[in-house]
Amino acid sequence: MGEAFIVHAGNPKNLHSYEDVAANPQAKLGLVSGTMEGRYAQAVGIGNGQIAMFPDVPSALSGMRAGRVDAFAGTALTVQDMLTKAKDNGLERAEPFSGPVIDGQVAIGYGAFAFRKEDEALRQRINKELAAFVETPEHLDAVASFGFNRDQLPGPVKAEALCHHPDDSL
Amino acid sequence: MVDYLPAMLSGLKVTVLLTLGAMAVAFVAAFAAGMARLSRRAPVRGLALVYIELFRGTSALVQLFWVYFALPLVGIRFDAVTAGILVLGLNTGAYGAEVVRGALSAIPREQYQAAWALNLSPAQALWRVILPQAVIAMVPPAGNLAIELLKNTALVSLITLGDLTFQAQTLRAATLESGPVFALLLGIYFLLAQTMRFGFRRLENRLAHGQDYGGVR
Amino acid sequence: MTVSATDNKPALIRISRAGKFYGAHKVIDGMNLDIFPSEKVALIGPSGSGKSTLLRLLMTLEKLDEGEIEIDGVSMWTESMAGRKVPAGPAHLKAIRSHIGMVFQSFNLFPHMTALKNITLAPVTVLGMGKEEARQRAVELLGEVGLGHKQNAYPGQLSGGEKQRVAIARALALRPRILLFDEITSALDPETVGEVLEVLRRLAQRQDITMLLVTHQMHFAREVADRVVFMEHGKIIEDAAPGQIFGSPKQERTREFLKSVLQY
């Protein structure tokens, strides 16, 4: 799942990436506190004074409308959902948009399940069922109404390539 | 716990700033509205009543929303700290106005009459005779309101301010150590509240000097 | 002493056809009364007869509903502005009040001030007297009422009689020409009544002060007053020298009233 910005109509500050915000000290970026977007913003060097932390999505939308921030950063899904529900001509998705580059790579968030370590058998069984289900027309049908499509599918990327914990020799 | 300190200290600064600022606003608002409630002019009384009931009758959280997010749409824009101080101050001031009104009404009519018979002007009577007596009765409830205000500052994360509670929540989310973080939060609020209680207690003792002999006029 | 009405001096207080209502109830009903400079007048009568209301009207604590009150020839409730009579403004009332002082039944001292401060407050804030001058005068006045040693006492530390004596000193500090006393011994313990009456007795000797006393102490009224006014239902029933009122009252109602209060 990639990142996206909501900006005011016409994108007056010309913000198309986290890096654009970092490069323009006048630009103010809104986030929901406790989300990954906060870490992205920090990682690309956006100063604390340029960031407004909203407690939740509705407040962030109010903040955009009140002109408290120039852009709101969220996952593409959150952003699309907000714009759909807001039906506000004054707001639009920043296009084109490039995700934050962290350690030389574009950061992308992946959805995942968590298991207790002793439930290894359950994990393997679910993996097997998911492998059979993902990418079927049935799957794409079921998630379409939430704004997902083929673009968000992980493709060839495997969990092993994403999950490495410093303590883990896996 | 040492790792928490920088974040908690920055939150503490915001909380203390908001509390002190809002106390100042509340002080002015409470006296203005409390005295206006006793005015002989009906429009003045009415205006004060509208203010008091508007701020007492709606929640501080909703007031914050309106001032920070809605007022800019009609061209009135306060930065987050000013909006927080203004809303929390006016909110507390609305309760304070009733404290002021109550204390002023509790002064016997004979005190006004004595001041009148000595040819003091109404303003002189108020400042020299009535207020000095009424203020003593205002201090204990004002102390309660101030501590209530301190705890109300936790609402300002709605308007993007990183107060103590917000910083604690962020730390909790980052470390998942709810116990220690909340223990620290509890300790800091308790110390702040005790400091305020001590301050109000001293103020009360100072003002009451000379009047603690039975109180018969 | 002769009743001053026979002197040819103009009245200091002139009350003409005065009326005061509480709703439909007439507390003062078409009253006429002249009081002359340096007179000591006792107002007696059953409770509810309008005595205290009369004092409160003179102190401008109540507004007159009809008729007229003049102090030294000046109308209390009207003033002339550009040749026309208009209701008195605050400045006019303040000027009128500067001639008058009042002592209340319940003392009404300011509890947050020392005895000294109670006395200096008005001279300093109203007359603009210097603080040191006001203090010296207050010390003098406290000495006159026998409380020179209580300058720094707060009202809560004083007995009822002491409080009332401070209240008298406080009223005197503004040097009023007219002093009103509203049942000033009614709230006192019997053993402290004497000390307050003693102060009044001495005040009654002064020619520069005109006194109106509402009192239930008939023997005291007889002793200090030049003139006794018996009131009932807001009207003056009898107005005469104490010797006549207490010796051979002309009116049947006066006789009845005195009989009822004097048998105790």
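**A sheet in chain C, and then its neighbours**

Modeller: Let's start with chain C, where six strands make up an open sheet of mixed pairing, in the order β8-β9-β10-β3-β11-β12. The edges belong to β8 (100-103) and β12 (235-240) of chain C; each has a single partner strand, so one side of each is left without a neighbour in the sheet. From one strand to the next, the twist averages 20°. Keep in mind that this is a predicted model.

Now look inside the sheet. Strand β3 (residues 40-44) of chain C runs parallel to strand β10 (residues 210-214) of chain C, and four bridges join the two. If you want a pair to click on, take C:Leu43, whose bridge partner in β10(C) is C:Val214. As a general point, strands of a sheet pair through backbone hydrogen bonds, either parallel or antiparallel.

There is a helix to go with the sheet, too. Helix α5 (residues 160-172) of chain C lies across β8 and β9 (178-182) of chain C, and it runs at about 175° to β8(C).

Chain B is built in another way: eight helices and zero strands. Its C-alpha atoms fill a box of roughly 70 × 45 × 20 Å along the principal axes. Of its 217 residues, 44% count as buried. Among the contacts in chain B with a separation of 6 or more, 76% are between residues 24 or more positions apart. The accessible surface of chain B comes to about 11100 Å², and 68% of that belongs to carbon and sulfur atoms.

Helix α8 (residues 178-208) of chain B has 31 residues, which at 1.5 Å a residue should span 45 Å; the end C-alpha atoms are 44 Å apart, so the two agree. Buried residues in α8(B) include B:Val181, B:Leu184, B:Leu185, B:Ile188, B:Tyr189 and B:Leu192. An α-helix has 3.6 residues a turn, so residues three or four places apart point the same way. Further buried residues of α8(B) include B:Met196 and B:Phe200. And what covers them? The cover over the buried residues of α8(B) includes α1 (5-36), α6 (122-152) and α7 (164-175) of chain B.

Last, a quick stop at chain A. The domain assignment gives domain 1 (3-106) and domain 2 (117-162), and the centres of these two domains of chain A, taken over C-alpha atoms, are 28 Å apart.

Conventions: Residues are numbered from 1 along each chain as its sequence is written. Chains are lettered from A and ligands numbered from 1 in the order in which they are written. This is a predicted model: local features need pLDDT of at least 70, side-chain atom pairs count only at pLDDT 80 or more; totals for chains, interfaces and linings use all residues. Side-chain values use heavy atoms; hydrogens and water are left out. The expected span of a helix is 1.5 Å times one less than its number of residues. Buried means under 20% relative accessible area, exposed over 50%, partly exposed in between (1.4 Å probe, protein chains only). Contact means heavy atoms within 4.5 Å. Two strands pair if DSSP finds at least two bridges between them. Axes are lines fitted to C-alpha atoms, for helices over the stretch in contact, and angles run from 0 to 180 degrees between N-to-C directions. Domain bounds come from an automatic or database domain assignment. Accessible areas come from the Shrake-Rupley method with a 1.4 Å probe; for residues, only the protein chains shown count as cover.
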